[in-house]
Amino acid sequence: MSGGYTSIDNQKVSGSVPAVSDSSRVSVQFTESGLQTFPPSGVQGKISGGAQPPRDADDSFSRPAGGPPRGSDESQGGGWLHKFTVAAYKPYFDVDTSDVLDRLKESLYPFRGTFTEKTATNPDLYGPFWICSTLIFVAAAIGTFVTYIAHKLRDKEWNYDINLITWSAGVFYGYVTVVPLVLYVILKYFSAPSGLVQLFCLYGYSLFIFIPAMCLSVVPLEIFRWIIAGVAGFMSATFVALNLKAHITSAGESWFLIVAGIFLLQLALAVVLKLYLFTVSV
């Protein structure tokens with residue numbers, strides 16, 4: 001048995017494998033990869049590669065000098081139906097945290113008057129929406145807290161007023177929407193049209209100063225609350241008026257009345273907030 005196994009094994013070992021001729025070799029060639037480079041080398045928007053610069057209703061106030069109008073056929077496609085799509089408003093939210101923080105800081109320095117220049121190529125709606133939403137909850141919370149403390153100090157019964165939230169929402173969302181729209185029409189009439197989105201952006205950021213002002217209004221001193229409301233209203237009004245002054249001067253002799261109206265309307269907002277939210281009657 002062992003001998004037979006050895007012979008078979010020798011047979012296996014001694015068996016030769018036929019060599020493969022060189023002619024049967026297959027040459028393999030690798031084509032260039034079609035994969036795209038990541039990240040893309042081209043300059044693209046922060047939200048997606050297809051994001052385009054914001055398109056404003058009028059370009060005289062928001063586009064850089066020498067550039068094509070954002071509302072022209074060169075930069076806008078799809079016709080008027082494009083305005084009813086999400087993609088049409090996507091560029092106006094194409095900002096990151098650093099952009100929003102820079103614009104919030106700019107609103108705290110109203111005498112510079114450089115906000116419109118810095119946001120001319122990229123006005124956003126994210127900041128105004130965030131500011132208005134924050135103001136609604138802050139106003140309702142602080143206003144409720146102030147009335148609660150006043151009632152408790154006098155041992156009076158206190159009931160929560162749900163109307164504070166609905167009233168605050170109507171005031172802030174309504175103000176930052178209606179006032180820019182009216183101003184947009186007025187400037188159109190005086191042949192000094194401005195970008196509608198630029199106006200929304202400017203008025204939205206002008207309300208940021210009221211957030212810390214409301215937080216300081218918890219101090220139970222009426223004179224202190226009036227001072228806070230006055231300072232906040234003056235800073236907000238100055239911020240809007242100075243940023244619009246350079247543009248509105250092209251409206252002719254009526255520019256002063258328009259700027260004065262903008263200033264006084266912003267002050268009136270501060271007075272309304274003080275009277276409704278921080279005047280406590282027990």
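1. A residue counts as buried when its relative accessible area is under 20%, as exposed when that area is over 50%, and as partly exposed in between (1.4 Å probe, protein chains only). By that rule Cys 132 is buried, because its relative accessible area is 1%. Cys 215, at 39%, is partly exposed. Searching the whole structure for disulfides (pairs of cysteine sulfur atoms within 2.5 Å) turns up zero.

2. Please keep in mind that this is a predicted model, where local features need pLDDT of at least 70, side-chain atom pairs count only at pLDDT 80 or more, and totals for chains, interfaces and linings use all residues. Residues are numbered from 1 along each chain as its sequence is written, and side-chain values use heavy atoms, with hydrogens and water left out.

3. Now for the overall fold. The chain has 10 helices and zero strands; helices (H or I, at least four residues) and strands (E, at least two) are DSSP runs, numbered from the N terminus. Of its 282 residues, 37% count as buried. A contact means heavy atoms within 4.5 Å. Among contacts in the chain with a separation of 6 or more, 76% join residues 24 or more positions apart.

4. Next, look at Thr 116, which sits in helix H4 (residues 115-118). Is Thr 116 buried or exposed? With 8% relative accessibility, Thr 116 counts as buried.

5. How do H7 and H9 pack? Their axes are 9 Å apart and form an angle of about 155 degrees; axes are lines fitted to C-alpha atoms, for helices over the stretch in contact, and angles run from 0 to 180 degrees between N-to-C directions. H7 is therefore roughly antiparallel to H9, a label for angles over 145 degrees. Leu 199, Leu 202 and Tyr 203 are among the H7 residues that meet H9, where the partners include Phe 239 and Val 240.

6. Finally, follow helix H10 (residues 255-277). Its 23 residues reach 33 Å from the first C-alpha to the last, close to the 33 Å expected at 1.5 Å a residue; the expected span is 1.5 Å times one less than the number of residues. The buried residues of H10 include Ile 258, Val 259, Gln 266 and Lys 274. Among the elements covering the buried residues of H10 are helix H5 (126-153), helix H6 (163-189) and helix H9 (222-248).

How values were computed
Angles under 35 degrees count as roughly parallel, over 145 as roughly antiparallel, 65 to 115 as roughly perpendicular and the rest as oblique.
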